Amino acid sequence: MTNNLRVKSSKFIDETYKISFKFNNKTYYGYKGDTLASALLANNIHLVGRSFKYHRPRGIMTAGSEEPNAIVQLHKNTSRTEPNVRATEIEIYEGLEASSQNCWPSVNFDIGGINNFLSPVLPAGFYYKTFMWPASFWEKYEYFIRKSAGLGISPMEPDPDIYEHKYIHCDVLVIGAGISGIIAAKTSAKNGFKTLLLDEKPYLGGSTIYQNLEHFKINNQISSSWLEKEINEIKKIDNLEIKTRTSVAAFHGYNFLLARENLTDHLPLHQRDGKVRHRLLKIRAKKVISATGSLERPLVFDNNDRPGILLSSAIEKYSNLFGVACGQKNVLFTNNDSAYETAISLFQKGINIEAIIDNRENVDSKLVNEIEKNNIKIYKGYTVVNTFGYKRINKISIMQLSKDGQKVVGSKISIDCDCLGMSGGWTPAVHLFTQSGGKLKFRDDDQVFIPDTYPSDQISIGSCNGEFTLDEILSSISKKLKDFLNIKKTEYENLEIQSHFNKTKRNIWLLPSDKIIGKTKPFVDYQNDATAKDIKLALREGFRSIEHVKRYTTTGMGTDQGKLGNMHALGIISETAGSRMGELGTTTFRPPYTPLTFGTIVGRNVGEYFDVSRKTPIHDWHVKNKAKFENVGQWKRAWFYPKENESMHEAVQRESKAARDSAGILDASTLGKIDIQGTDASEFLNRVYTNAWSKLAIGKCRYGLMLNEDGMVYDDGVTTRLDENHYIMTTTTGGAATVLGKLEDYLQTEWPELDVYLTSVTDHYATISVCGPNSKKIISKVIPNLDLSDKKFPHMSFKNTKIDKVKCRVMRISFTGEQSYEINVQANYGKSVWDKCMQAGKEFNITPYGTETMHLLRAEKGFIIVGQDTDATMTPIDLQMDWIVSKKKYDFIGKRSLYRSDTIREDRKQLIGLITENPKEVLEEGAQIVLDASKSPVEMLGHVTSSYYSPNLEKSIALGVVKGGKNMIGQKLIIPMENKQINVTVTDPVFLDKENKRLNA
Amino acid sequence: MFLIHCPYCGEREQSEFKAGGEAHIVRPKQPTELSDDQWAEYLFMRKNIKGVQFERWVHTHGCRKWFNMVRDTSNDEIKAIYKMGEKPPTKYK
Ligand SMILES: [Zn+2]
């Protein structure tokens, strides 16, 4: 390794454990404990990717989940490939392969980089303005844009990993295991609360754990040593569960949180098989303590985005935690004391610091003094005005700030460097707090938003609450925890704290330049290439709301959600528009805080577990007999049973013919069944169906139509009166659950005085329907004791009987227009009764048929299917089913709506039959129906709802809905198709046996 | 996700429940006596307020019982839950 910038061993890095990995196809080495970012920096690599819009070279900027630039694609072209992985978070493992994304053909030579030189013509809103209009231009741009832009490549193969979900309930959830979180978790657990502590990093202790300056001490120990002892102690507490590599993605109301526990992403690929990769934790906490810390702010100046420009705190972390120097000629640029902490850390490790540029004119603190004592040059009251170097920073120029900070004065000074650290102060990480519904307040002193009102039982502590220094945190934490947890005392009441941090800061959101703003590129949102110039343009163009400016400039809309730049955007807007910052509000922080993989979200609900599938007791028989299935709701229904080389059409034609010529058998077990009992059952049915029920005799069946209160058809089915106060209702297969829900709603909320009980019995019974001219003969063989004569057992009646010793209900009802019997038997006898029917029907060529044939047979009879021939806009009158609407009943659900001005319109769409001029031509369901296709715009009269070739009528038949169709019998209409027009004639919807002779044939 | 205290089962996750719109809209006893406008008022008009709202909820994946809820829609705070037929608490009116 020629460019080894590993400067000093760190206890967080295991230098005895060398790991090789590939970046852009080249092999490098790092150590166990490294992130991809720290390992690349140790190899002196800063250039990692290209920016989204201008394709500017970009490097590693941060050391955490807020990283906007260093996002990479892992394991390209494999099933485990993943885009948009932050190099600053992924831990290296043997065999890791990462590549730059958003650049083509390579990170070093990128065609899109030309956008950088075209940037005067690519201002904010450019994509909206250009590519959205005229629409036809988009086709031309699209290819180029898709190729050169975009954030990584989605995996193309099935995900080999396993994901799962887990529910966790706890008394206290602590988010973040920095010094505040550790103290809070220990206090909570030691007081008997079941506590859960989460941190996104693989280690505990936040930024304090690698803090080793003499300037920060607790009880006379260096803060990291003190904290290390605390961490060792909390690991031993029983009722404290600690999860690292676990990031909270969402904080919802009522203290419901989602967190992603990362279990295998740090392991070599061959060690991951069979293990759960990510676990989505669904946490319900009685109390939540947010200790999510804060994010360092960059500074906004011309060309502040070059590789080699990092946050000052990131430079400190790379040196202290990973033992890596980010550069050999380092310059720090700051408006507060934080950069001096970094400087002292670097200095102690022998890492060279060229200079510190400080916005502040008068600074006096122990940290600053120590730097001065060591002869490091500090430019006080200066700002960086420009940076140089295309793929890596090599020089900066600085100028003095005017007294008011609005301009630069004097002459330019150049400083050579290979790394520039920026510190613009700190922004509390309030994202989760605001997601939970919390309201923020603006603190003018140091220009930060901090939590104000809490919507649930929660508090924020530490720097996410705006307490940035060790003494601020530790002097208040004890009282806060006592109040929040309602406890008498903590171990942290009298800590002796030494903290030499001077809090003064000189906040300038957009630093002045010697150039006019139009000639500069001061980036605010690095990932989306939004500059201060773009924000000012948006304001000039009239945008005022922060939400509008965000969308127009795309500030904060990247995968990092603008964690670094949102505050600067707000600051620049308020300065430009002359409004106070606290009054502008903030943009909404939406979950997830950091991106989640789809795998994590779906968990185990993949493949056959994606949704529940329901199977009838006869399902295995259908499978064995080669049925094709269709999904109806969650049910698997036999669709048709192809023989040998039969097509679907051939199978359906054969099945349909057999059912009418001799006998067919259908598994109807999926129909919804609701058992209705109670002394008011008849009255109840009167109110929910359109027709009258009081006079239905025991042992009789009746077809019923159910409406919504708006008069539109909702469901239909046959209901049978089993006894004086006992009915069984059938519903459509898909409607069973919602019908029961609706009936319960009316019973409980509108008519609680009715004595009626509803029970879903759909799964309790198997239903076998045998139809056709020979059905009677078959049933008489299966149930020899049952008198099947039309006199004793007429159409629309039912009998309680037995097959052998098994009780069953037989209904003589028909959905095909053929004589037909429906046997309902306890579900576990379903298969044996089916077999008996098949056996008895053998001599009559009994033919099993599926849903497709059922649909065809009912269409021949003009019977509707709710949901196919109706949508939620069809009344019974529209369906030409006036006969089922009782005139005598005073009220039923939907009755009043049947004579609203809209429902009595003559030109409503009405159900009709359609016959094609060419009897072989089968219409397409959904096809439009028009009268005159030559007039533009063509008036749409309606559409085809059901269409089949009828083997029994030997012609094509269709049902459709047409405006005013009722009065159009005989009318010729046109179905315009892509390449032709089909001539049709409107007919009555009943095509076969209008007199119902076949029912008793 | 709310935690909802079903008056029959106790505290449960929101995912077990379904919301059923505005509460205390009584189905007219004599719909045939109503004008189109009066019927439309019952049929279509529902409040959607930012603030305290009276709502119907049902414990779909539990006891299947309907009940009423007083909820502040601005922050999802559930102020009261009471059974069907019980008088709504007056202090939120
Ligand atoms: Zn319940």
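At what angle do the axes of helix α18 and helix α23 of chain A cross? They cross at roughly 55 degrees and come within 9 Å.

This is a predicted model, in which local features need pLDDT of at least 70, side-chain atom pairs count only at pLDDT 80 or more, and totals for chains, interfaces and linings use all residues. Residues are numbered from 1 along each chain as its sequence is written, chains are lettered from A and ligands numbered from 1 in the order in which they are written, and side-chain values use heavy atoms, without hydrogens or water.

| Pair | Axes come within | Crossing angle |
|---|---|---|
| α18(A) (residues 648–661) and α23(A) (residues 851–860) | 9 Å | roughly 55 degrees |
| α12(A) (residues 532–540) and α14(A) (residues 566–577) | 10 Å | roughly 45 degrees |

α12(A) is therefore oblique to α14(A). Angles under 35 degrees count as roughly parallel, over 145 as roughly antiparallel, 65 to 115 as roughly perpendicular and the rest as oblique. α12(A) and α14(A) meet (heavy atoms within 4.5 Å) through residues including Ile535(A) and Leu539(A) in α12(A), and Ile572(A) and Ile573(A) in α14(A).

α18(A) and α23(A) are likewise oblique to each other. Among the residues in contact are Val652(A) and Arg660(A) in α18(A), with Leu856(A) and Glu860(A) in α23(A).

**The zinc site**

Cys6(B), Cys9(B) and Cys63(B) coordinate the zinc ion through SG, and His59(B) through ND1, at 2.0 to 2.3 Å. Donors are N, O and S atoms within 2.8 Å of the metal (3.2 Å for Na, K and Ca). Their spacing along the chain is C-x2-C-x49-H-x3-C. The arrangement is tetrahedral because the four donor atoms subtend angles of 106 to 116 degrees; four donors count as tetrahedral if all angles lie between 85 and 135 degrees.

Terms used:
Axes fitted to C-alpha atoms, helices over the stretch in contact; angles between N-to-C directions. Helix = DSSP H or I, 4+ residues; strand = E, 2+ residues; numbered from the N terminus. Tetrahedral: all angles 85-135°; square planar, octahedral: opposite > 155°, others 65-115°.
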